[in-house]
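Colleague: Can you walk me through this one? I'd like to start with the strands.

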Amino acid sequence: MEPYDPQTLEAEAQRYWADSGAFEVSEDPARDSYYCLCMFPYPSGKLHIGHVRNYTIGDVISRFKRMQGYNVLQPMGWDAFGMPAENAAIKNNVPPAQWTYQNIDYMRNQLKTLGFGYDWKRELATCKPEYYRWEQWMFTRLMEKGIAYKKTAPVNWDPVDQTVLANEQVIEGRGWRSGALVERREISQWFLRITDYAEELLADLDTVDWPEQVKTMQRNWIGRSEGMEVEFEVPGHDSLMIYTTRPDTLYGATFMAIAAEHPLALAAAESNPEIAEFVESCRQTNTSEAALEKMEKLGCALGIDAVNPVNGEKIPIWVANFVLMGYGTGAIMSVPAHDQRDWEFARKYGIEIRQVVEPLDGSAIDLEAGSFVTREGRCVNSDILDGLPFDEAFERIAEHIEGQGKGQRQVNYRLRDWGVSRQRYWGAPIPVILCPDCGQLPVPAEDLPVVLPEDVEFEGIGSPIKKMASFIETTCPRCGGPAERETDTFDTFMESSWYQERYTCPDQDQAMLDERAGYWAPVDLYIGGIEHAILHLLYARFYHKLLRDEGLLQSGEPFKRLLTQGMVLKDGSKMSKSKGNTIDPQELIDRFGADTVRLFIMFASPPDQSLDWSDDGVQGAYRFLKRLWHSVQEHLADGTVAAQVDADALDEAQRAMRLKLHETIRKVSDDYDRRLTFNTAIAANMELLNSLMRFEDQGATGRAIRQEAFESMILMLAPIVPHICHRLWRDLGHSDPIIDHAWPVVDESALEQDSIEMVIQVNGKLRGKMMVPADADREACEAAALANEQAARFIGDSAIKKVIVVPGKLVNIVV
């Protein structure tokens, strides 16, 4: 008997798929499409086990949908720009492009080794000019519409590496790579007006089938709030405009706080060394909201007062390190009695803390212990608002302020416009020409792409293209005079915001998208980690709407359904190199074969839950595949099966075996399609194999039933372990490849039973089982249970209070 040799049969299956173009698809209006997409990887060098889990889930679903008759698109590509390539270039003394392309070649081969059914003709890499050309074209369109614009904004600046750092790259105030003290600088950057789409982004969350946790995270990030914009006059200076969601607390405002970059602060710093020193110290502060929340709240009084519009009271203005110029107006009103941050600041600097809200029951609050923050209270010490609850107080003060012309109601969003500039090299060049006479101009479409030079010496100190005259020097498209190119590159989230659409027509060289996008998009199922819940998924939703408004798409959302797979854990914690608990999937593939790796990953837990790595579990998966292989080979050793199953001529054991088979098909079909619980689908097939091994009928009909069961089992396992199933399907006598076969269909007649097994309980505890006619009514089931010898022993002489019958399931005798 031929042994199970995964390396040989997996290479054979993969060769067939490649040679036959098994997964290459085209548009077919006569068939329903299904677009299954996993978040594409960064080409870091090698696949990690998290990649393998993500892509196995996607491949299983894609193969299943294909067996259901869908025209399935499952592409793969590379999110190829970004900082890791720059770091590797410094470490290995190779250009980022060379490092990236080498990694892509290696990882592509790994993906093929795992048997993933990708349409490789659609492969794309975001660092290729033929890809980012269209991203650049779209940006020029957004410039013309006013959606793309340039302004100065505070950033984290590393003075050694000469680059802007993301908030996550600032560690205890220092650059994560250089260790230099980070400065907060105002730098001119490009932005996209995502805030123009805030309301639509919020509303359309109700139209997608996404985990509620992800929707909640996006709602909170967008942060819609209803409040008021209020004007505070500053005698001798321009007024301060602030936004507040709590205008009912205006009578409790005892100071104002402004950002270090605010014009009032900068003006005061010119004549006050103390203020100047404080403003300068704020430049060393991280720009993230999270960092601002954690750090010590510091400030410096400007010696200037603002006038509270509701009572004419003068209140001091402070410059504070927790206010950012890039958020709102760069000024806030501070009510320390009812805001904990303001309370901490007021206590530190001896500023008045005035209560203007009390509990609804009138009980006392302890402002020595902290602030009292609630909307479930009523106003006190607030003149015209006294005694009013929040909603009524909001309405009255809004009418009062609007009547004075000192403010207006306003809907605000926490969401800020998307800063897309990066002062780094390895990214798509921003297609803008800077002319001293004509200003900022988009690169004409016929001159795109602006190609990033790849053959560079990368030292890590700033971007090499900022020093390359051959790149920078150009001609103004309007006046023809000398001009310079923009040397900033795009945030890499730009590339990953529209790749799902480009997969539909990657060979289109005359347009960003064509009519093929309308056939495939939006994505039916998108699979990836929940860590991408906000930035990537929000930007992709925004960009999709931009493409729609450009007339390139019809739909309003990019992903109909989202599956966020759980993490892979080992020894109870997330895998990481620093913990030394990583798993190299290539070693497992070389030792056990790709099918074993795929089977373990899908069996260990449902896709949306964490997976606990188990070496014993991998061994168990391998043993099951060997057992399946040998079981089929033993069946085949007895010769071919000529007989067909005659459902009307089966004995009790044969009917029971077919019942088990078709119950399994029904359950596994639901596990795949509705529940996405592939672990229980695998368990059901394991149980089916056990039942088949106990089925000893070697007659013609028995062998026909065994053939039917093996064929159905191979079909049900094919999406998960496609290589072994490709071979066994052929061994079972089929000339057509299993990849082209339909999903098995439940034979409803096989589910019909003359008798069924029911559980007998006494006072809710299992005390026996019985067989009853399938059509037995309640009275018959009750009588059979009461007559059962096992039940009678537990009832004894006790009086029976009642009998509960659950038809087809159980009888519970209460004594």
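Modeller: Start with strand 31 (residues 755-762) and strand 34 (residues 810-814), which run parallel and are joined by four bridges. Strands here are DSSP runs of E, at least two residues, and helices are runs of H or I, at least four residues, numbered from the N terminus. This is a predicted model, where local features need pLDDT of at least 70, side-chain atom pairs count only at pLDDT 80 or more, and totals for chains, interfaces and linings use all residues. Residues are numbered from 1 along each chain as its sequence is written, and side-chain values use heavy atoms, with hydrogens and water left out.

Colleague: Which residue is the bridge partner of Gln761 in strand 34?

Modeller: Asn812.

Colleague: And what order do the four strands of the open sheet take?

Modeller: The order is 32-31-34-33, with mixed pairing. Two strands pair if DSSP finds at least two bridges between them. Strand 32 (765-773) and strand 33 (802-806) are the edges; each has a single partner strand, so one side of each lacks a neighbour in the sheet. From one strand to the next, the twist averages 20 degrees.

Colleague: Which strands does helix 24 lie across?

Modeller: Helix 24 (residues 778-786) lies across strands 31, 32, 33 and 34. Its angle to strand 32 is about 125 degrees. Axes are lines fitted to C-alpha atoms, for helices over the stretch in contact, and angles run from 0 to 180 degrees between N-to-C directions.

Colleague: New topic. Is Leu525 buried or exposed?

Modeller: Buried, because its relative accessibility is 1%. Buried means under 20% relative accessible area, exposed over 50%, and partly exposed in between (1.4 Å probe, protein chains only). Leu525 sits in strand 26 (residues 523-529).

Colleague: What does Leu525 touch, beyond residues up to four places away in sequence?

Modeller: Its contacts include Cys36, Ile61 and Leu562. Contact means heavy atoms within 4.5 Å. As for Pro558, 33 residues apart from Leu525 along the chain, the two C-alpha atoms are separated by 9.9 Å.

Colleague: What about Ser62, buried or exposed?

Modeller: Ser62 is buried, with a relative accessible area of 4%. Ser62 belongs to helix 2 (residues 49-67).

Colleague: And which residues is Ser62 in contact with, leaving aside neighbours within four places in sequence?

Modeller: Cys36, Val72 and Gln74. Cys36 is also one of the residues that Leu525 touches.
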